[in-house]
Amino acid sequence: MKHTILFILILLLFSCCEKIMFEEDLQTDDPHKNFDYLWTECDEKYSFFDYKNIDWNTIRNKYRPMISKDMSDDSLFNVMAAMLNELKDDHANLFSNFNVSHFGNYRKGQDNFDWRIIVDHYLPEDYYVTGPFRHGYITDSIGYIRFSAFSGKVNTSNLNFVINKYKNTRGLIFDIRENGGGSISEVYSILSRFIDEKTLLYYSRIKTGPGHNEFSELEPISIQPSTEARYNKKVICLADRGAYSASSFMALGVRAISNITLMGDTTGGGLGVPNGGQLPNGWRYRFSITQTFDKEGKNYEAGVPPEAHALFNWNDLSTDEVLEAAIDTIKQSN
């Protein structure tokens with residue numbers, strides 16, 4: 001248990017992306033040196049080359065000839081951003097004072113969420129806003145909780161209010177569609193409210209050496225039941241391609257809990273915790289440095305699949321088909 005707690009603390013430290021663990025910068029604006037620095041950092045520390053079957057040397061040979069001594073900062077940024085996007089990872093980003101690079105995993109699948117439809121056709125007009133949660137009854141016996149971001153605002157007080165408010169319902173729907181992630185610690189705080197015993201969620205390992213397959217041993221990540229208000233009836237967790245990073249960790253944890261069903265579409269992935277540093281010219285970068293596996297040892301970096309598949313029909317803007325499927329599942333389970 002001590003090892004599990006230590007590993008979680010390490011992951012939380014990395015997930016902040018503010019604690020720079022890498023070497024000091026070299027203080028130069030030379031485009032070639034900056035390109036080489038970023039390529040080498042990725043080569044030695046990125047965690048998914050083998051999993052994604054990426055030939056990083058070939059990527060270098062593709063982009064380095066585009067670098068020239070007198071190129072503009074904008075052009076240099078675009079070349080290095082394009083190189084990072086070859087990783088197909090929204091945790092691989094380049095940050096300058098004029099732009100931020102991103103890949104866009106959410107575009108791998110259709111959009112499956114529209115908050116306006118839920119407000120207009122499902123929630124009461126006086127729905128609650130409790131910290132980061134927007135919630136209300138969508139039937140007389142089913143509660144709906146919208147959680148749009150792991151923003152660090154989850155606490156004991158707002159969790160207790162939400163759990164206690166729906167303690168007498170037949171079931172709960174917890175909606176993390178289009179939740180782009182944030183604080184991983186909130187995954188554990190939330191899921192601890194839906195278990196009655198210590199539960200293994202998944203395994204993680206961290207990059208430990210320059211070789212593409214040099215990692216620590218797998219560490220189990222488990223949670224204990226909360227000592228505060230808990231809910232043990234049927235829960236449906238809704239996810240889609242817009243659910244990324246901490247949302248994918250949540251989705252993977254949900255699959256390990258018997259009374260919660262993951263429904264909707266495959267998540268956007270992002271199960272590698274990112275960290276990074278500073279380039280010689282002062283720009284910053286980050287990329288994934290860990291890997292995560294489910295209880296059976298499967299890597300879902302490309303996205304956590306739902307246990308029950310449901311998609312949105314954009315031809316009918318009065319109905320949320322994913323939400324309807326969740327309501328039907330709860331009704332049939334009682």
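**Exercise 1.** Determine how many residues the largest nonpolar core has and which of them have the most contacts inside it.

*Solution.* A nonpolar core is a set of buried Ala, Val, Leu, Ile, Met, Phe, Trp, Tyr and Cys residues joined through side-chain atoms within 4.5 Å. Buried means under 20% relative accessible area, exposed over 50%, and partly exposed in between (1.4 Å probe, protein chains only). The largest such core has 42 residues, and those with the most contacts inside it are Phe 174, Ile 190, Leu 191 and Met 250. Helix H9 (residues 246-254) gives the largest share of this core, 6 residues. Helices (H or I, at least four residues) and strands (E, at least two) are DSSP runs, numbered from the N terminus.

The model is predicted: local features need pLDDT of at least 70, side-chain atom pairs count only at pLDDT 80 or more, and totals for chains, interfaces and linings use all residues. Residues are numbered from 1 along each chain as its sequence is written, and side-chain values use heavy atoms, with hydrogens and water left out.

**Exercise 2.** State how many residues of H9 are buried and what covers them.

*Solution.* First, 9 of the 9 residues of H9 are buried, so this helix is largely enclosed by the rest of the structure. Next, the cover over these residues includes strand S6 (199-206) and helix H8 (185-191).

**Exercise 3.** Identify the buried residues of H10 and explain why they line one face.

*Solution.* Within H10 (residues 321-332), Val 322, Leu 323, Ala 326, Ile 327 and Ile 330 are buried. Seen down the axis of H10, they fall within an arc of 140° (taken from the directions from the helix axis to the C-beta atoms), so they line one face of the helix.

Technical notes:
Expected span 1.5 Å × (residues − 1). Contact = heavy atoms within 4.5 Å.
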